[in-house]
Structure formats: structure tokens, C-alpha cells
Amino acid sequence: MAGGLMRYRTLGRDSAHRKALLRNLVTSLFKHESISTTWHKAKEAQRWAEKLITLAKRDTQASRLSAMGKVFEPEIVMPILFNKLGKRYADRPGGYTRVLRIEPEKEDQAPSAILELVDGPKDMRLALTARTIAFGQSQAEEENREFEITDMTAHNIMKVTRFRKNGDEDLHEMVKKFKDLHDKGDEGVEEIKKRRVYPELLRSR
């Protein structure tokens, strides 16, 4: 944009193709809770998804009409968006999605990322926080010492449980599952094994 800052990434497409791409990405996100794509596409789709969830929380005729034009498969996505997600995030002031940078599968591949809905069944940050706690507990037991939670882990616990319904219970249950896996010699789950999430990004929302 001449004489000013570009307000969004073009993603190498004209306006119509860009909108179609973002509609496709957020449709997949709402249907599956988590998607993998390039870093730049994930960041743009995140903005689109956040606005749609805000519309769902308003739940007016105008917001429904606006949202319907921004997704594909509205007969499937609209109930998810306005019923399931609108209720999930009713008390959350923002930050309904999270982007985690991941290692590309190929060396020449563009920077990759996971875009996910927070506080859902596929919340990667919840899983990684639980895994960290479980590993720390098992290691402390092996070394016959008391387990201490680090400041970063405490920060992540607060983040993943603050607005999540039954957050403490969900975290406790997942910690137990990871601890059982660790005690059996398996320190991870298949989804986390496939791609390494950069740990420094776990402090982002």
C-alpha cells in the first residue's frame, strides 16, 4: 500500500482468491479444531477466525448473516461456530486461537505452523504443559526429591486452565496419562511425536 503500511498479507493471491483461501482455512479449523499450514497463512487465518468467533458471541441476526458469508459449508460450520464455540468462549475476552510454529517436514518447505482453537480437545499447549509436568514428576520420583514447578510451567498452567471449563480436572487427567506413558517408556503422544513444536512459542497466548 503506497504511502502507508500494508494491513494484511496478500499471500501471493488477488483479493478474491485470498478470501477463498481464508474461508477454506477457517472452515477446516472450525470443523477439526486444529489445522497445519504455512506460518503466514496461519497468522492471517487466525485474524479471520477471531473475528468470526466474536460474531458468534454476539449471536444476532446481523452477526449470523455476516459470518455465513465468511465460511464454506455453512450448514455444518454455523452450528459449530454459534452453538459450540460461542458457548465455549462466552467468558473469554479474546485469544480464542493459537498459532504454534513447527518444523517444516522438508528443508525447502516454507515456515510451517499449527493453528488451533484454544481450550478444546486438541489444545496442543495443554498437552505440552501436561507432558512437562508428568516428565518432571517422574524424574523427581526417580531422583527421590520433591517436584518443583518452574515459573514458565506455572505460567502455562494458568494460561491453559484460566478460561477452560473444568480446566484443572482436564490438566490433571492429561498429566496422569502422560505419566503412565512415561512410566511405560513412552514420553509422548503420536501427535506431538510427528512434529516438534518450538518451545519458546509456548509462552505466546
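Guide: Two terms come first. Buried means under 20% relative accessible area, exposed means over 50%, and partly exposed lies in between (1.4 Å probe, protein chains only). Helices (H or I, at least four residues) and strands (E, at least two) are DSSP runs, numbered from the N terminus. This is a predicted model: local features need pLDDT of at least 70, side-chain atom pairs count only at pLDDT 80 or more, and totals for chains, interfaces and linings use all residues. Residues are numbered from 1 along each chain as its sequence is written, and side-chain values use heavy atoms, with hydrogens and water left out.

Visitor: What pattern does the protein chain follow along the sequence?

Guide: The chain has 205 residues, and 41% of them count as buried. Its secondary structure comes to 8 helices and 3 strands. Read along the sequence, the pattern is α-β-α-α-α-β-β-α-α-α-α.

Visitor: What is the order of the strands in the open sheet?

Guide: Strands of a sheet pair through backbone hydrogen bonds, either parallel or antiparallel. Here two strands pair if DSSP finds at least two bridges between them. The open sheet has 3 strands with antiparallel pairing, in the order S1-S3-S2.

Visitor: Which are the edge strands?

Guide: The sheet order is S1-S3-S2. From one strand to the next, the twist averages 25°. Each edge strand pairs on one side only, and these are S1 and S2.

Visitor: Which residue in S3 is the bridge partner of Leu-100?

Guide: S2 (residues 97-102) pairs with S3 in the antiparallel sense over 6 bridges. S1 (residues 34-38) pairs with S3 in the antiparallel sense over 5 bridges. Ser-36 has Ile-114 as its bridge partner in S3. For Leu-100, the bridge partner in S3 is also Ile-114.

Visitor: How many residues of S3 are buried?

Guide: Both faces of S3 are covered. One side holds Ser-112, Ile-114 and Glu-116, the other Ala-113, Leu-115 and Leu-117, all buried. For S3 (residues 112-117), the count of buried residues is 6 of 6.

Visitor: What separates the C-alpha atoms of Leu-117 and Glu-50?

Guide: Leu-117 sits in strand S3. Its relative accessible area is 1%, so Leu-117 is buried. Glu-50 is 67 residues apart from Leu-117 along the chain, and their C-alpha atoms are separated by 9.7 Å.

Visitor: Is Glu-33 buried or exposed?

Guide: Glu-33 lies in the loop between helix H1 (15-32) and S1. Its phi is near 75°, a positive value in a residue other than glycine. At a relative accessible area of 5%, Glu-33 is buried.

Visitor: And Asn-144, buried or exposed?

Guide: Asn-144 is in the loop between helix H5 (124-142) and helix H6 (151-161). It is not a glycine, yet its phi is positive, about 55°. With a relative accessible area of 72%, Asn-144 is exposed.

Visitor: What separates the C-alpha atoms of Glu-148 and Ile-133?

Guide: Glu-148 is placed in the loop between H5 and H6. At 65% relative accessibility, Glu-148 counts as exposed. Ile-133 is 15 residues apart from Glu-148 along the chain, and the C-alpha separation is 9.3 Å.

Visitor: Which exposed residues does the face of H7 turned away from its buried side carry?

Guide: The buried side of H7 includes Leu-171 and Phe-178. The face turned away from it carries Glu-169, Lys-176, Lys-177 and Asp-183.

Visitor: At what angle do H2 and H3 pack?

Guide: Axes are lines fitted to C-alpha atoms, for helices over the stretch in contact, and angles run from 0 to 180 degrees between N-to-C directions. Under 35 degrees counts as roughly parallel, over 145 as roughly antiparallel, 65 to 115 as roughly perpendicular and the rest as oblique. H2 and H3 are therefore roughly antiparallel to each other. For H2 (residues 39-58) and H3 (residues 61-68), the axes are 8 Å apart and the angle is about 150°.
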